[in-house]
Amino acid sequence: MINYLIRRLLHLVPIILGVALVFFLIFNVIGGQEKFLYNILPKKSRTVEQIDFYKHKYGLDRPMVVQYLDLVKQMVTFDFGRSEVRKIPVKTLLMRHVPNSAKLTFPAFFFEISISLILASLCAFYRGSKFDRLITVLSVLGMSISMLVLILLGQQILAYKWGLFPISGWVKGIGAIKYLILPWILWVLVSVGYDVRFFRTALLEESHKDYVRTAKAKGLSDKSIMFKHILRNALIPILTYVVIQIPFLLMGSILLERFFSIPGIGDLMVNAIFNYDLPVLKATIMFFTLFFVGFTLITDVLYALVDPRIRLS
Amino acid sequence: MKKGFLALMLVLLAFSLFLTGCKQEVGEKVEKVLNRYVIAKLRPFDPANMTDEYTTQVFGDMSEALFSYKYTADTYQLQPEIAAKMPTVSADGLVYTIKLRKDAFFYDSLGEVFPENKGRAVNAHDFVYSVKRLADPANESGGWWLYEGFIKGLDEWAANGSDYSKTVEGFKALDDTTIQLTLNRPYPQILYTFTMSFTYPIAEEVVDFYGQEWMNYPMGTGAYYYDHENSIPGTQHVLLKNPTWHGGQFPAAADAGTGVKAKLGSEILAEYEGKELAFADKVIWNVIEESSVQWLKFMNGELDYSTIPKDNYETAVANQELTDDMIAKGITMDINPTLDVTYTFFNMEDPILGTNVKLRQAMASASTHEDILDIFYNGRADLAQTLLPPGLGGYDPDYVNPYAHFDLDQAKTLLAEAGYPGGEGLPTFEYQMYSSSTTQTQMVELFIDNMSKLGITVEAVAGDWPTFMERIDDHTVQIGGIAWGADYPDAQNFLQLNYGPNKAPGPNSANYDNPEFNALYEKAAFMQQGPERDKLYAEAAQLAAEEVPWIMGVHRLSYALDYSWLKTRVFRDIGAGYSKYYDVDLAERDEVLSK
C-alpha cells in the first residue's frame, strides 16, 4: 500500500509539468501575454512604451524556457504571489472562496447522493413496478433539463413568485444558509436523475450475478438479498462514481455561484479569466489539479478497502 | 421513501421561511436603506486605476473630488466639492489657483490608520500626491492620459524617477489649503477632470500603513464610509453614513433644470430644498452580474430602481409607455440621453476604403440604421448624425447627416460614382469582431447582409476584445464596430476620436487624419467655453461626419424604472457620489410591497 501511495504521488511530477505546459502554451505562447497586457492597460492610456515597460515588469520579455520554469516553480511551491487585480495574496483569496463553494456543493452533493441511492435501491427492489417506471421517467426528465433552465425557473417561480427563498445574495456566517437552500434544491434536481439511473443499473447488474441466485435458492428474503448482499457489492462502482465526482464539485458550481451571487472559487476563477489575473488563474487550476489527483488516489484506496480482491500493488 | 424526499424538502423550506421571515425587533431603529446595484464586480479602490464606471460609482459615495456636477441642473455644470469655491484662472488660461475647504476629513472606520476614526483634514498635499500617483509609471495608471503633456513639469517628474519628495512646478501646494496648477498650454477641459475618480485624494498614510493591499481599504471624505464587516466583495458592498462628513444641502428648487423639474416635480423639489444630506443611513451596492436576477430583484422590491434588461423590455414597456402592471406597482419610467456614440469605423489607411470617400458614403447609406435601432436597441436610442451626442456644446439638433439613414438607391449611385458599380472590382473586406456574443454576431451579420445588397462582400473575422484592440493598434483592422462614452461633458472628448495625431494606439481607431479637421480641433479644443467654440465644434463634427471615416450608429438612451418610494433620483450619466441625494420613503415602500 505504501509503495503504491509513493508511486502515485510520484505521478504528480509529470502531471504538474503537463498542467504547467498546457497553461504556459495557452497563456504565454499562444497570445496570453499580449492579452494580459492589453487588459491591464486601458485603451486611453496605452502606448508602445508602456507595453514594453509592463512586459519587462512582469518578466514576459524573458526567454520562454525561463518563464516556463518559473511557472513550474510556482506550481510546485504553490506560491503564486498576489492577485494582479486585488493585490491580495492568492492563498488568502483561495481561503476566502473555497469554504463558500464547499458550503454550496458538499451538502447538496450529500443530499443528492443519499436521495439517489435510496430511490435507486427502491427502483431496483421494485423493478418493473409503477414506482420504478415513474422514477425512471422523472429521472430522464431531470436529465433533460439544463442547470441554467432550472436556475431561471427556480428564481422566477420559487423565489420571486412564491417568495419561498431569497432570489440571490450572501451574508457571512450561518445566515448564508437561507441563500443556499434554493441552490441546493436545484443541484439535487439537476443531478438526481443521472445518479438514480446509474445506481439503479449498477444494482440491477449485481442482482443478476450467480451469488444472488444462490442466495435465493437458500431461501434468503428479497430484502435481505438486496440490502445485505447486492447493495454491498454494488458499492464498488457506486463508490468510484461518487468519489470521482468530488473534485468536480467545486468547478460544477460556477453557474450557481454566478446567478446566486455566491462568492465561491468557481466565481473567483471566472473573474480571474475575465480580468487576466494570471496568478489567481494559475492557483485555481493548480488547486483543481491537486484536488483531482488527491481524490482519484482516495478512490483507488477505497476500492481496496471495499473489495479485498483488489490489490493496489 | 418518496415521502422522505418530500419531508426533506419541506424541512428545508420551513427553515428557509424561518430565516427569511426574521423581522426587526420592536423598538429597534428603522434604518433607511438605499438598495443600488452594479452589474460587474468591482475593481480595487485605487483612484489611479478607477477606469470602470461601477467602481467609480461605489467609491464616489465614499470619496470626493475637487469639483462635482450640480445635481439638479439639466446640463453638467461644475460646483465646488472639496474646493472651497471655483478656481481663479489667469488671463492666459494657464495658471489655476484652487482653495480647499478645511472641514473635509478622511474617515477611518477601522481606526487603524487614524485612531479614533476621524482622520485628518484633507489638504492640498493629498491632491498633489494623488496627481503624482497618476503620473508615476509604477502605478500603471489608467488616468494618466488626462494630464500627459499638459501639466508643467509633471511628465519630466515621471520620466526622472517619480521622486515624491520633489516638487512639480505645475501642480503644487502653496499651503495646506491652496493648490496651484500651471499648464503647458491652455486646457479648458481640465476642470472637468477634477471631478473624475482619478483625482480623488488619497491619504499617503493609508498607502504606507496597508502596503500593497491598501486599495482594499477605501478611505475618503465622502458622505458614506465602507462597512468592512458586512461587505462581501463580489456580492455586496455596504456603505454607512459618515458621521464626520462636512455636510451639504439638497439644491434649491430654483436651480433645477427643466428636465429635472419634469422628472421630480415642483412639490418634491420644494420639499427637499435645503434639506441636509445624506438621506439614507445605509447604501447597499448589490453586485448582480445576470440581468435576469437584476430584473427579478427589482420586481421583488429588493432594488429601488433598475434599468430594463433587453429581454424584459416587452414586459415593462408597450408603445414606449409603461405597462399597466408596472404602473400598478408604483413604478415610473425615466428616459434620458446618455453621452455616448456607437459607430462602425473604416481604417482610413486602407488603400481602398481610406482613399475613396464615395465608397464609404455608399456603404454608410446601405446600412439599415433604422433597423439597427429597432433590433438591437428596442428603439431605445437616437440615430447619431455626427459623433457628438445631444447635450454637448457643438451638438446641432437641426443637422441631418445625408449618410446616416438607410437609402439603398443613394448607396448604389454613390458606389457607381466611386468606380465600383454593383460592387464590381472590389475585394472582399474584413469586419473584425471583438466578441462572439450573440449581439455582436447578429450586428456583424446584418452589416454583411446590408453590404451584400450593394454587391460588396464582407467577411467576419472572429476575435475577442484584446485581439480586436491589438489589431486596431497595428492598424490592421479594415472595418470594426465600437462605442465611446464621455469622460467629461465636453465635445473635445469625442472630437479627439477623429483627431489625426490621436491615431491608434491613440483613441482614433479609424486613423482618420484630415488637416482641415485637425486645424478646427486644435483651434476649438483649447478655447474657453462659449458660442464661438461650439460653432467650431459643430463644424468639425459635421465635416468628419460627411467624410465618413465612421458609419454613424446611435446615441443610446437610458431607460430606468424607479419605484415611487425613491423620491429624489435624477439620472446622471457622468460623475459619482449621487447616493447622498437619494431619499427613500420607508412607509411607502412597506405599503407598495405589502400589496
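A salt bridge here is a side-chain nitrogen of Lys or Arg within 4 Å of a carboxyl oxygen of Asp or Glu. These legends describe a predicted model, where local features need pLDDT of at least 70, side-chain atom pairs count only at pLDDT 80 or more, and totals for chains, interfaces and linings use all residues. Residues are numbered from 1 along each chain as its sequence is written, chains are lettered from A and ligands numbered from 1 in the order in which they are written, and side-chain values use heavy atoms, with hydrogens and water left out.

**View 1. Lys503(B) meets Glu349(B) in a salt bridge.** The N to O distance is 3.3 Å. Lys503(B) sits in the loop between helix 17 (492–495) and helix 18 (515–525) of chain B, and Glu349(B) in the loop between strand 17 (340–346) and helix 12 (357–366), so the pair ties together parts 154 residues apart in sequence. (Helices, H or I with at least four residues, and strands, E with at least two, are DSSP runs numbered from the N terminus.) Lys503(B) is partly exposed at 26% relative accessibility, and Glu349(B) is too, at 38%. For these labels, buried means under 20% relative accessible area, exposed over 50%, and partly exposed in between (1.4 Å probe, protein chains only).

**View 2. Asp304(B) and Arg589(B) form a buried salt bridge.** Here N and O are 2.6 Å apart. Asp304(B) lies in the loop between helix 9 (291–299) and strand 13 (305–307) of chain B, while Arg589(B) belongs to helix 20 (residues 586–594), 285 residues apart.

**View 3. Chain A meets chain B.** The contact (heavy atoms within 4.5 Å) draws 52 residues from chain A and 58 residues from chain B. Four salt bridges run between the two chains. In one of them, Glu290(B) pairs with Arg258(A), with the closest N and O atoms 2.6 Å apart. On the side of chain A that touches chain B, helix 9 of chain A gives the largest share, six residues.

**View 4. Two Phe rings of chain A meet edge-to-face.** The structure holds 46 aromatic pairs over all chains. In this one, the rings of Phe78(A) and Phe80(A) have centres 5.2 Å apart and planes at 85°, so they count as edge-to-face. Rings of Phe, Tyr and Trp (its six-membered ring) pair if their centres lie within 6.5 Å; planes under 30 degrees apart are stacked, over 60 edge-to-face, and the rest tilted. Phe78(A) is buried at 19% relative accessibility, and Phe80(A) is buried at 6%.
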